[in-house]
Amino acid sequence: MKLLKRRLAVIVSLLLMCVVFGFTGCDDNKEELQRQIEALQTQLAEQTELITRLQEEILEEKEKSDKLQDEFNDAQEKLKDLQNDLKNSESEKIFLLNELLNVCKATNTTYGTFFSFEDACNSGFFSTEFIKNVSYYYQEAVYEVGEAGNNSENWTEVEFQPTIKKPILDFEKESKIRIAGAMEHKADFSEERIVNFYGEYNGYYVVTLENFYGYGTAVMPVVVNGLGFWLGGPYLEVFKFDS
């Protein structure tokens, strides 16, 4: 825009110079000077028209920018409203589930039973293939164990591709397992959290459950079904729903 204005100033100056020369020069040059003046006037008109169009385009772009900014601001407000609604909804769910937990405590109602992962494996609840899947998702490795047992120096990491996709626990089952955990630990619903879900086999659900009591940080080598696990908190637990 500044460049166009400078050009316009130069053209006007030349036009004035030509007018001055026209009055001081000879008649033979008047016609040529007149043609030059007309040419400069044409250029001046074109430059003026160009500047006008550019000003209009700038105005249109500004209007578009202002509209986009308004739309962005509206979207931000809607996002805040949705986030607030989600928080309120989550708070309401927690409140209702705590109320359900209180009813379960008052009536001594439980949804099922917890087992340690080692006890569940040693009791034959799971197939070796399922345990390998749990190992893959829990410690990102599968170890086969030699005769030395818990001596991890004799563990051999083997190639394994999971035969089941990363499992997902639905909201209803997750809530009931958390309620059962809260009852066992005499805690509130919000103080129990399922850290991860590793799969279900014949009605037995393998989870890592964290509660407000916390858990130890020690990691111990454990062997189940000829497979090695480095088990530490939050600990692997198995939950079986009541029939």
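## Strand β5

Y204, V206, T208 and E210 point one way from β5, while Y205, V207, L209 and N211 point the other way. Residues of both groups are buried. This holds for eight of the eight residues of the strand, which spans 204-211 and is mostly covered. The model described here is predicted.

## Partners of β5

β5 pairs with β4 (residues 192-201) in the antiparallel sense, over eight bridges. One of the facing pairs is N196 with T208 of β5. The two strands make a hairpin with two residues between them. In the turn, N202 has a positive phi of about 55 degrees.

β5 also pairs with β8 (residues 236-241), again in the antiparallel sense, over five bridges. Here E237 of β8 stands opposite V207.

## The four-stranded sheet

An open sheet is built from four strands in the order β3-β2-β7-β6, with antiparallel pairing. β3 (155-158) and β6 (220-224) are the edge strands, and each pairs on one side only. Neighbouring strands in this sheet are turned against each other by 45 degrees on average, direction ignored.

Within the sheet, β2 (residues 142-145) is joined to β3 by four bridges, and the two strands run antiparallel. E144 has T156 in β3 as its bridge partner.

## Helix α4 on the sheet

Helix α4 covers residues 128-139 and lies across β2, β6 and β7 (227-231). The helix runs at about 35 degrees to β7.

Key
Residues numbered from 1 in each chain as written. Predicted model: local features only at pLDDT ≥ 70, side-chain atom pairs only at ≥ 80, totals over all residues. Heavy atoms only, no water. Pairing = 2+ DSSP bridges. Axes fitted to C-alpha atoms, helices over the stretch in contact; angles between N-to-C directions. Contact = heavy atoms within 4.5 Å. Buried < 20%, exposed > 50% of the residue type's maximum accessible area, 1.4 Å probe, protein only.
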